[in-house]
Amino acid sequence: MSESFGNIEAILDRFPPQPEHLISALQDVQAKFNYISPAAMRAVCDHLGVPISRGWAVATFYKSFSLVPRGVHDIRVCLGTACHLKGGARLVEGLERELDVPREHTTKDMRFTLETVRCLGTCAMAPVVMIDEEYLAEANIRSLKRELKKI
Amino acid sequence: MERISNVAELEALRESLHAAHDPERPVVRVCLGPGCLALGANKVSRAFQAAIKGKGIKASVQPLIKETGCHGFCSQGTLVNVDPFDLFYVQVKPEDAEEIVENTLLKGQAVERLLYGENGTRYRSSSEVPFYQMQQKIVLRNAGVIDPLKIEDALMAGAYASLAKALTTMTPEKIIDVIEASGLRGRGGGGFATGRKWRIAAANVRKNPGSIYVVGNGDEGDPGAFMDRTLMEGDPHAVLEGMIIGAYALGSDQGYIYVRMEYPLAIKHLSIAIMQARALGLLGQNILGTGLNFDIQINRGAGAFVCGEETALIASLEGRVGEPIPRPPYPAEKGLRGRPTIINNVETWANVPCIIEKGAEWYAGLGVPHSTGTKVFSLVGKVKNSGLIEVPMGITLQQIVEGIGGGVPGQDRFKAVQTGGPSGGCIPYELKDTPVDYDSLRKVGSIMGSGGMIVMDQRDCVVDVARYFLGFLEEESCGKCLPCRLGLKAMLEYLDHFAKGQGSPQDIDDFHSLARAIMVGSLCALGGTAPNPVLTTVKYFKDEYLSHVVEHKCPGGVCRDLITYSIDPEICNGCTVCVRICPQECISGDKKKPHTIDINACIRCGQCMDVCPVDAVMVA
């Protein structure tokens, strides 16, 4: 998606120029462009009247912000307590090997971003993996490989 | 629907909805809670729509498909309830829809094979199932029953009647009295008396006139917990109604609900509920013609566990980095934008309408003294019946894990129960008779927390669990105060050593005293409670720490450096699944012949154990 100035403006128009909208505005930028570029950060901070250092402080403090472009598909492996007990950590390791990418990174072909998440709130079906919007219940590396092939 | 301008119109609307409802009309309720959704419940729902269309059922008796929030019994999903027959179907797959439509909806007969069975008994109604029988649903009264996207459904279930009662028959002062007398305590974990908190905030506003804010905390960050998610998704109006009543009691005109971004459905359901409530005039200007002005805005969390702490949550609402500040002043005195702010967990808010409706005395009679009412728990981990439960306070751990949960599959007792998330502790089987209430859990070194209850069995390792929580908190520490920032790192190093079988018994004692120092020295509850999982595991399972350090063994078979995998030739059926999955290619064996692992090449990744269809892979 092109990150033209007009697109950013359309997002910023939704927010009154007050510093308290910093997180919400960055969330909308992230949702639209799937990461926050230096240019986008400057536009957001200028609009809301906050120093750019504060913009970066927020973007690096909260986990949901990405400062680099993300892959087309999100793979989120749950590492909540129930998933941990049922082998969530083994799943991440297996996927790192399968996709040849370390966790919290994107594959070279930009197809997949492999992420770990501390609880998706689907604990009764542990271990759980989410591929984009789809939940995979009681996952194992075999069922994951099968799912990945479908994409 | 038109805007309602007074209580009489609200009741008239409710009556007209009831009058238009045909009690004989079949209703198929498909659970779309977190567990069922993960099992493909939306496909089941679509299959019902298609099956009904295919049968060409006459319009007058056209069955209604309702997509509801979580019904609770997640391990049996997808759950389907069919009324007016009061039939409860479990493990329903899309291909079962046709048969249910044909036999139940058209002929009124039960599909026996889909009824829940236990110990040779088949149960027709969910109310007869043991899992539900020991529960008491107050907060979750409508979850799994109503369609959360339709305010009409909520109204028919009685929503906003308590608000009408509060606005027209009670003074703000009276409401605070009732909440205080009910004994309601904060459901987010702290357990502070809700009524007292409100009274303090109300007094502060009188002293220092101006704005006051109410906030619903739905930043359910504890791993292993999905109570708030289920409530916000399944009955968002209960949260809204509680907050509007609170706004009236406190004189607030603006509320916020802070929801973690990992819960997109909760955000969606709350947003729709807010829009519908606004359209009806239950939020906005001059609510129900009483002169009350109040609105609610949703703020999405951005992925920081510490923002569940109230001062960090306020910082986040103000668009800042979520770093806690020392209390006092408490938010009830100086919170959002420097004004008095009441932050309650969304479950606490959902209790409020029930207390207003049935009275403080009724509520105080539930549960036990000092911990009144009910509590929602997510019962998960190594337990047969996992899911979401609501029980009266004071019920014992054993009643929950064995009575409701059906115990550990394949083992005669649980090893420990972890409550309170990363701030809580591991309670051993020996303390199974501990009543689940705020004070009893604190006495054994854990806390109530927000309601995660994770059952551990003999195959789990307490050192690994302590390491898991410490790793979580070390990552989530905001870094502002030193004891938490560096102390947790140091503790994690100890645990990494123990998990590798390194260290000495003296280290276990040093580790223990470091934990106590972090507890005393940290700025907020994240660091202040972080050592709980460690302190309880050292206290109740010191033998297991010693096994790691002295004997270099992990009794649970979890810590990677201390285990070896092997294949039991008696059990192995030679299916070659593990041979194909092994990343080291160190499993050999022909089809239909027992396989063997070359332990010198094995990296102990455990994939073979996870995929083995007959559980032939052993750990020692």
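**Entry 1: the interface**

I started with the contact between the two chains, which takes 46 residues from chain B and 40 residues from chain A. I note here that the model is predicted. On the chain B side, I looked up which elements supply at least two residues each: helix H2 (34-38), H18, helix H24 (577-581) and helix H25 (607-611) are there, along with strands S10 (292-300), S14 (374-381) and S18 (452-456). H2(B) gives the largest share of that side, with 4 residues. I then sorted the chain B side by class and got 22 nonpolar, 16 polar and 8 charged residues.

**Entry 2: chain A overall**

Next I turned to chain A. I find 7 helices and 5 strands in it, and the order from the N terminus is α-α-α-α-β-α-α-β-β-β-β-α. Its C-alpha trace spans about 50 × 30 × 20 Å along the principal axes. Of the 151 residues in chain A, 47% are buried. I also checked the contacts in chain A with a separation of 6 or more: 58% of them come from residues 24 or more positions apart.

**Entry 3: H2(A) and its partners**

How do H2(A) and H3(A) run relative to each other, parallel or antiparallel? Their axes come within 11 Å and cross at roughly 150°; that is over 145°, so I log the pair as roughly antiparallel. The crossing is right-handed. From H2(A) I listed A:Leu22, A:Ala25, A:Leu26, A:Val29 and A:Phe33 in the contact, and from H3(A) A:Ala40, A:Val44 and A:Leu48. By class this contact has 8 nonpolar residues, no polar and no charged.

A:Leu22, A:Ile23 and A:Leu26 of H2(A) meet A:Gly55, A:Val58 and A:Ala59 of H4(A).

A:Leu26 turns up in the contact with H3(A) and in the one with H4(A), and I looked up its neighbours. Leaving out residues up to four places away in sequence, A:Leu26 touches A:Ile36, A:Val44, A:Val58, A:Ala59 and A:Phe65.

**Entry 4: the core**

Which residues touch the most other members of the largest nonpolar core? I have A:Leu26, A:Val128, B:Phe48 and B:Ile244, out of 248 residues in that core. Helix H11 of chain B, residues 236-250, gives the most to this core, with 10 residues.

**Entry 5: spots in chain B**

I went to B:Val259, which is found in strand S8 (residues 254-259). It counts as buried because it has 26 C-beta neighbours inside 10 Å, where 20 or more is the cut-off. Among the residues B:Val259 touches beyond four places in sequence are B:Met232, B:Ile267, B:Leu270, B:Ile298 and B:Arg300.

For B:Gly403, in helix H16 (residues 397-404), I find 17 other C-beta atoms within 10 Å, so I put it down as partly exposed.

Then helix H23 of chain B, residues 542-549: the buried residues are B:Glu544, B:Tyr545, B:Ser547, B:His548 and B:Val549. I see them pack against H18 (462-476), H19 (482-499), H20 (505-521) and H22 (532-540) of chain B.

A reminder to myself: most residues other than glycine have a negative phi, and most peptide bonds are trans.

I came across a cis peptide bond from B:Asp83 to B:Pro84, with omega near 5°. B:Pro84 sits in the loop between strands S3 (80-83) and S4 (87-89) of chain B. A cis bond also joins B:Pro328 and B:Pro329, with omega about 5°. B:Pro329 is in the loop between helix H13 (310-317) and strand S11 (341-345) of chain B.

On phi, I noted A:Asp100, which is not a glycine and yet has a positive value of about 55°. It lies in the loop between helix H6 (88-99) and strand S2 (105-106) of chain A, and it is exposed, with 9 other C-beta atoms within 10 Å. B:Lys592, not a glycine either, has a positive phi of about 65°. I located B:Lys592 in the loop between strands S20 (587-588) and S21 (596-597) of chain B. B:Lys592 has 10 C-beta neighbours inside 10 Å, so I log it as exposed.

Methods. Residues numbered from 1 in each chain as written. Chains lettered and ligands numbered in written order. Predicted model: local features only at pLDDT ≥ 70, side-chain atom pairs only at ≥ 80, totals over all residues. Buried ≥ 20, exposed ≤ 12 C-beta atoms within 10 Å, placed from the backbone. Contact = placed C-beta atoms within 7 Å. Core = buried A, V, L, I, M, F, W, Y, C linked by C-beta atoms within 7 Å. Nonpolar A, V, L, I, M, F, W, Y, C, P; charged D, E, K, R; others polar. Axes fitted to C-alpha atoms, helices over the stretch in contact; angles between N-to-C directions. Parallel < 35°, antiparallel > 145°, perpendicular 65-115°, else oblique. Left-handed = near helix turned anticlockwise from the far one by under 90°.
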